[in-house]
Amino acid sequence: MQNVSKRTILWIVPIAIIAIFWYFYGPQEEITDNEYITYIKESPIQESGASFDSALTTTCTDNKWVYFKTQKNHNVVEFKGKCDIDSQVNDVNLQFIVEDDQKGFETGVLLLDGKQQTEDQRDKVLKLIVSK
């Protein structure tokens with residue numbers, strides 16, 4: 001068997017390290033159906049009594065619900081869709097942070113056309129969605 005040269009090792013080791021990082025931290029398959037998504041879909045929006053699923057389904061098209069876990073171990077459910085807000089169709093990403101035991105959640109970030117909205121703007125958009 002031939003001796004492995006230093007040059008060979010110097011290019012194999014970095015490739016192996018990249019492959020390992022890609023395996024653990026690369027793109028993951030999206031989770032589109034689990035208990036956290038069901039919990040958020042069935043939860044009422046503020047005091048309206050309407051569920052997030054029914055309100056967002058009637059207002060938005062191209063709906064998609066995705067679950068993921070952050071590096072800080074938070075359970076996040078994200079709604080993605082195209083919603084009619086103030087007579088304009090916007091790309092909407094709305095995130096919910098769900099407690100581990102599913103006894104509560106917090107409404108997180110709202111992105112409209114890729115721009116993060118303030119909490120007041122987020123609440124205003126949710127009220128517009130519920131009123132339709």
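Biologist: Which residues touch the most other members of the largest nonpolar core?

Modeller: In soluble globular proteins, nonpolar side chains tend to be buried together. In this predicted model the largest nonpolar core has 23 residues, and the elements that give two or more residues to this core are α2 (35-42), α3 (52-59), β1, β2, β3, β4 (105-112) and α4 (119-131). The members that touch the most others are Phe52, Trp65, Val77, Phe79 and Val92.

Biologist: Leaving aside its neighbours within four places in sequence, which residues is Trp65 in contact with?

Modeller: Trp65 is among the core residues that touch the most other members, and contact here asks for heavy atoms within 4.5 Å. Once the neighbours within four places in sequence are set aside, the residues in contact with Trp65 are Ile31, Thr32, Ile37, Ile40, Lys41, Phe52, Asp53, Leu56, Val77, Glu78, Phe79 and Phe96.

Biologist: Is Glu78, which forms a salt bridge with Lys80, buried or exposed?

Modeller: Side chains of opposite charge can pair when their charged atoms come close. The closest N and O atoms of Glu78 and Lys80 are 3.7 Å apart, and Lys80 counts as partly exposed at 24% relative accessibility. Because buried means under 20% and Glu78 has a relative accessibility of 8%, Glu78 counts as buried.

Biologist: How far apart are the closest N and O atoms in the salt bridge between Asp91 and Lys82?

Modeller: Both partners count as partly exposed, Asp91 at 35% relative accessibility and Lys82 at 34%. A salt bridge needs the nitrogen and the carboxyl oxygen within 4 Å, and for Asp91 and Lys82 the closest N and O atoms are apart by 2.8 Å.

Biologist: What is the phi of Asp62?

Modeller: Asp62 lies in strand β1, residues 60-69, and is exposed, with a relative accessible area of 57%. Although Asp62 is not a glycine, its phi is positive, at about 50°.

Terms used: Residues numbered from 1 in each chain as written. Predicted model: local features only at pLDDT ≥ 70, side-chain atom pairs only at ≥ 80, totals over all residues. Heavy atoms only, no water. Helix = DSSP H or I, 4+ residues; strand = E, 2+ residues; numbered from the N terminus. Buried < 20%, exposed > 50% of the residue type's maximum accessible area, 1.4 Å probe, protein only. Core = buried A, V, L, I, M, F, W, Y, C linked by side-chain atoms within 4.5 Å. Salt bridge = Lys/Arg side-chain N within 4 Å of Asp/Glu carboxyl O.
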